[in-house]
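Subject: Structure handover

Hi,

Here is the structure we talked about. My notes follow it; please read them with the model open.

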Amino acid sequence: MMTPNESGRVDETEAHNSVGETSKDLLELRELKVQKDKIEEAYRQIFPKVDPYLVHQLYLRMQEDPTYKDVGPMFTVEVFTKEGTDPEASKRHIVNMTGMVPAIYDKGTHYVTHMRLTPEILKKLNDFEHVLEIMGDYTGTDASTGPRHNLGDFRKRYQDDSREKNIS
């Protein structure tokens, strides 16, 4: 806060320090956004079919609880596949990777599995050629509530809406 000196004028040094601190704070916040954007870009490069929010949640939960290091936290994972994909082959692929049987929706193109998720499992799901998109939600010890997402949901979240953004 700026205070008047003995002559009633605002102390220029104090005013300069206040402006300097504000500029430093803004620079730190902008740098934080740059770092966030970099990590999200890394998620998109490694997991191009996966909602970056799911990847972030997975790593966050694993960091919060070391018991998840090897087994992974419980997530409801939704995998969307191309039309014409063999549902039985996709189901077998998911069972072989996760040990869990998925529920199948949308004429065999939407698979929902309540499972312990690890980055390795997520990468294998991502790399399956018939997969279009993967979304999911952390459930902890709660049971899955079934499908909650539609194909394209996470991409809509990251589309540029071209509105002016006020970053100040």
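Start with β1. Met-74, Thr-76, Glu-78 and Phe-80 point one way from this strand, and Phe-75, Val-77, Val-79 and Thr-81 point the other way. All of these residues are buried. Bear in mind that this is a predicted model.

How many of the eight residues of β1 are buried? Eight of the eight are, so the strand is largely enclosed by the rest of the structure.

**The sheet around it**

β1 belongs to an open sheet of four strands. Their order is β2-β3-β1-β4, and the pairing is antiparallel. The edges are β2 (103-105) and β4 (131-138). Each has a single partner strand, so one side of each is left without a neighbour in the sheet. On average, neighbouring strands are turned by 20° against each other, with direction ignored.

As background, strands of a sheet pair through backbone hydrogen bonds, either parallel or antiparallel.

Now the partners of β1:

- β4: seven bridges join it to β1 (residues 74-81), and the two run antiparallel. Val-79 stands opposite Ile-134. Thr-81 stands opposite Val-131.
- β3: β1 pairs with it over seven bridges, again in the antiparallel sense. Val-77 stands opposite Thr-113.

**Helices on the sheet**

Which strands does helix α2 touch? Helix α2 (residues 52-64) packs on the sheet and touches β1 and β4. Its direction makes about 40° with that of β4.

Helix α5 (residues 119-127) packs on the sheet too. It touches β1, β3 (110-116) and β4. The direction of α5 makes about 150° with that of β4.

**Helix α4**

Helix α4 covers residues 87-98. At 1.5 Å a residue, its twelve residues should span 16 Å. The end C-alpha atoms are 16 Å apart, which agrees.

Which residues of α4 are buried? They are Ser-90, Ile-94, Met-97 and Thr-98. Seen down the axis of α4, the buried residues fall within an arc of 80°, so they line one face of the helix. The buried residues of α4 pack against β1, β3 and α5.

At the start, a side-chain oxygen of Asp-86 reaches to within 3.1 Å of the backbone nitrogen of Glu-88. After the helix comes Gly-99, whose phi is positive, near 80°.

Most residues other than glycine have a negative phi. Two residues to check against that rule are these:

- Asp-106 lies in the loop between β2 and β3. Its phi is near 50°, a positive value in a residue other than glycine. At 48% relative accessibility, Asp-106 counts as partly exposed, because the exposed class starts over 50%.
- Lys-107 lies in the loop between β2 and β3. Its phi is near 55°, also positive in a residue other than glycine. Lys-107 is exposed, with a relative accessible area of 86%.

**To recap**

β1 is largely enclosed, with eight of its eight residues buried. The buried residues of α4 line one face of that helix. Asp-106 and Lys-107 have positive phi values.

Best wishes

Key
Residues numbered from 1 in each chain as written. Predicted model: local features only at pLDDT ≥ 70, side-chain atom pairs only at ≥ 80, totals over all residues. Heavy atoms only, no water. Pairing = 2+ DSSP bridges. Axes fitted to C-alpha atoms, helices over the stretch in contact; angles between N-to-C directions. Contact = heavy atoms within 4.5 Å. Expected span 1.5 Å × (residues − 1). Buried < 20%, exposed > 50% of the residue type's maximum accessible area, 1.4 Å probe, protein only. Arc of directions from axis to C-beta. Polar contact = N/O pair within 3.5 Å; in protein donor to acceptor, adjacent residues only side chain to side chain.
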